Amino acid sequence: MSPDEDRKPSGVRPSLFLERQSYRRRRLSDAARLMPFLGAALLAIPLLWSDGQGTQEGVSLSSAIFYIFTCWAVMIVASLVFGFAARRMAGHDESEPETDRWQR
Amino acid sequence: MATLNILILVCLGYVVLLFGVAFAADRMAAAGRGAWLRSPLVYTLSLSIYCTAWTFYGAVGNAARSGLEFVTIYLGPTLVMISWWWGLRKLVRVGRSQRVTSIADLISSRYGKSNTLAICVTILAVLGGTPYIALQLQSITLSFSIFAEADPTGLYREGSSVFWVATGLAVFAILFGTRNLDVNERHHGVVTAIALESVVKLFALLAVGAFVVWGIAGGVGPMMDRIDASEIGQWNVDAGRWTTFIFLSAAAFVCLPRMFQVMVVENADEGHLRTAAWAFPLYLLLMSLFVVPIAVVGLDLMPEGSNPDLFVLTVPLSQGNDWLAMLSFIGGFSSATSMVIVTAMALSTMVSNHVVMPIWLSTQEGSGSVSGDVRNVVLLARRVSIAVIMALGYYYYRLSGGGAALASIGFIAFAGVSQILPALVGGLFWRGATRTGALAGLTVGFLLWVYTLLLPGMDGVLMPETVLQNGPFGLGWLRPQALFGIEGMDPIVHTVMWSLSLNTIAFCIASLLSFPSPLERLQGAQFVNVYDHSVAPRGWSGSVAQSEDLMIMTQRILGAGPAQEFFQAEAEQQGGRSSLPEPTPAFLERLERELSGSVGAATAHAMIGQIVGGSSVSVEDLLAVADESAQLLEYSSQLEVKSAELTRTARQLREANAKLTQISEQKDSFLSQVSHELRTPMTSIRAFSEIMRDTEGLSGEEQTRYAAIIHDEALRLTRLLDDLLDLSVLESGRVNLNVGDDTLRSVLDRAVSSALAGSSRALTVRRSKTAERIPLQTDLDRLGQVFINLISNAKKYCDADEPVLTISAHDVGGQVVIDFADNGSGIPPEARSMVFEKFARVGVDKAGGAGLGLAICREIMQRLGGEITYLPGQGGAAFRVRLPMAYQQAAQ
């Protein structure tokens, strides 16, 4: 949990349970944090493949292509879904400080 | 057959189109129209300058050589993009809130606006970027040469074409990259042109891919069979290279100056990341989708020894599909040009802001910022920087001879710029990261990179072969490609592992050991907790007279219009009627940020410092002020303590005063009582003496009686006065004690005999003579006086039929305790507290005592170091006398 999302206004004792909306939002950012680990784990799988130089039959390039591009597509779809969810959540919580007010 | 001339025509036409697009986009942005210019789609497409000619052509070549290894450089950025929520989002937020102009500016800003750091990063970026530019030039030249070979009629000279390509790119970058000093360094024209180029290169590669898969191989299924049957048909990627390259490309994706430029500096809205997070990986996926098929088909179709790096061009050409080859050429051309333009822009910003401007400013020292037009200086510096960088790239290309050595430049450059990563990530997520740490990490990483990768990669130009084989001075463990004797590693993996790990270690250790300056700590807090507070550190104060100077300077940097607009808006916001705003700290802070958008944080800080000059408030000053206020606080708490003390003293004084008043009242009442006591006997004396004087014929008996009364009253007066005198002497403490030795028994003997002498009433005194054999050292006469008083009181007031006084004495731990108890009715409880007071008398005055006896007794006992108390519960009146066996002076 990063401090910026869990911090409550000072002096207010944080309640133990959150309302459903902010609970969902936090789980969403948890998901965002997990995503790269999932991706890295998926991409680490090829490290286990045999390179075909020993006795074992190696992994054919077409299967390797299939695996890697499928993982890639999964990551893209996950990111897309997260992006939409984040946008929907952001609609409820547009409280970030306006920093560029004076810019133009 | 497409001739070289047509190709050149198409090329020029394409460039003209790009110019047109860039120009139109700039115009639209200036006119405030064209919201789509700042759409997430354009942002995503502009990110694709990550795919340079090296990836456009080189990916196929890489695939032809080592299979799927090429995807690593796309997978790294994909991982970075899908973790945008906690990575890039923060970077972009920091970049926007601090108005950074380049990655060097960001690092410098984070570590206390240190220009040294900025220069280090700039050098690193230029060193890594120049060969990269050379690589792009090479790819364009190579692709030209392919067409030249196919067209024997054309006059083609490699050298001059590179020169003209480099010149054209420099002109484009200068025209659109340095047109204006934008508030935020945004270049809509360039970004839009890049977006267009991204579409072109993707379309070109997809077209070639589709042609290969469906046109040559005959569908997806046969293509897959063909892939498996080819010489690269097996998964044979080295695990170390796979992991390292994914990591390296992820790091470079964030640290490359051109990526930072489009990702952070040109970012118009943080929300665009949300779209780019999935759209950019999708773009990368599409870019790499047909790479392996093209490589496999190229390996099949092309003769042995042909350059696999150019399969994208040669395969369509060999099939007679000239227009497709042309499209593919344009795609490669797009990749190369967009990369070169943005890199040149980003590097020139860094060079002009962190190298040229500080030097220029230091030469202007003293004359203030009013001399010379800063705006022109900055623009000129950038234009010259672009030209110089392009020239460097050109000469690097000529020096290296455009051979295969360039092919490895991509990863060398990646490894170089990745050295920024520890300082960048540490700066964003760790408040303890310091400038010293960043400098140490960068230096260690940079040196290791140069020593283990850059120099050995130059094919013995700058590093002799012997050093590579045996290490410097024959030190085997220092061999550039086998540090510490660890051999057999891939050179890139070796360099990345050693340089980045030692870089990180140096960064962490130096950060832990050093202490950051106040500005650094402030900036660190702002970077790490950017979501909490997106405001810059405050540090300026000035007077109204300086507003005009500031205005003049700002006009020179931002241009007259925007500067006036900015000052006007500020003045309105401050609510003043003047057209110039007050130079409040808040205003100066915003102005500094505004200027830093054009000339970099460190320079803007220095420029405002020159104008506001002596009254600039450094953070050290602020800390000094804080110290002073801490001292004031301490002083005021001391004052509070003293005031509390005064309050206490005043209360004590009030109490003392009240006591004095009480005593004064006591004295008054005492005086009135004394007068009353004196008047009573005086009245009877006067009355009887008048009777004796005025009454004729008094009998002798009567005369005797009256004279006896007068005598008695006079005696009583004398006794009263004696007592008063005695009491006053005792109370004032001026009494002289006559200390002697005797036993208690003899003192009591004398007291009893003198008290009972001439008594009409019978009082039985019970004593225990053996217990009274206690030696005493005290004023025996005074003690006797006390005893006499107590015995005569008992004689006078005991109302029993047969009055008995019991005197008992004890020796209690060095003290003598003597109890006098009679068998009368005693003293009523309510009067007990009063018996020792002056003029206190119990009941009717039987014996005409003045009521001073017990008061005198108490005073005497106090002088003797003892006490006399009423002893309740003895059946009658009982008094306890307690005194020390040996008189002590201290008892006084």
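**Close-up views of the predicted model**

**View 1. The largest nonpolar core.** The largest nonpolar core in this predicted model holds 217 residues, and B:Ile107 and B:Ile294 have the most contacts inside it. A nonpolar core is a set of buried Ala, Val, Leu, Ile, Met, Phe, Trp, Tyr and Cys residues joined through C-beta atoms within 7 Å. Buried means that 20 or more other C-beta atoms lie within 10 Å of the residue's own, exposed that 12 or fewer do, and partly exposed is in between, with C-beta atoms placed from the backbone. Helix H17 (residues 322-363) of chain B gives the most to this core, 19 residues. Helices (H or I, at least four residues) and strands (E, at least two) are DSSP runs numbered from the N terminus. The core lies between domain 1 (4-362 + 371-528) and domain 2 (545-617) of chain B, because both give residues to it; domain bounds come from an automatic or database domain assignment.

Residues are numbered from 1 along each chain as its sequence is written, and chains are lettered from A and ligands numbered from 1 in the order in which they are written. Local features need pLDDT of at least 70 and side-chain atom pairs count only at pLDDT 80 or more, whereas totals for chains, interfaces and linings use all residues.

**View 2. Surroundings of B:Ile294.** Leaving aside neighbours within four places in sequence, B:Ile294 is in contact with B:Val60, B:Val208, B:Gly209, B:Val212, B:Phe311, B:Val312 and B:Val315. Contact requires C-beta atoms, placed from the backbone, within 7 Å of each other.

**View 3. Helices H2 and H10 of chain B.** The axes of H2 (residues 40-47) and H10 (residues 188-217) of chain B cross at roughly 70° and come within 8 Å. Axes are lines fitted to C-alpha atoms, for helices over the stretch in contact, and angles run from 0 to 180 degrees between N-to-C directions. H2(B) and H10(B) are therefore roughly perpendicular, a term for angles of 65 to 115 degrees. On H2(B), the contact is made by B:Val42, B:Leu45 and B:Ser46, and the residues of H10(B) in it include B:Val191, B:Ile194 and B:Val199.

**View 4. Helices H6 and H13 of chain B.** H6 (residues 88-97) and H13 (residues 257-265) of chain B pack at about 80°, with axes 9 Å apart. B:Leu88, B:Leu91, B:Val92 and B:Gly95 in H6(B) meet B:Met263, B:Val264 and B:Val265 in H13(B).

**View 5. The contact between chains A and B.** Chain A gives 35 residues to the contact and chain B gives 39 residues. On the side of chain A that touches chain B, H3(A) supplies the largest share, 14 residues.

How values were computed
Two residues are in contact if their C-beta atoms, placed from the backbone, lie within 7 Å. Angles under 35 degrees count as roughly parallel, over 145 as roughly antiparallel, 65 to 115 as roughly perpendicular and the rest as oblique.
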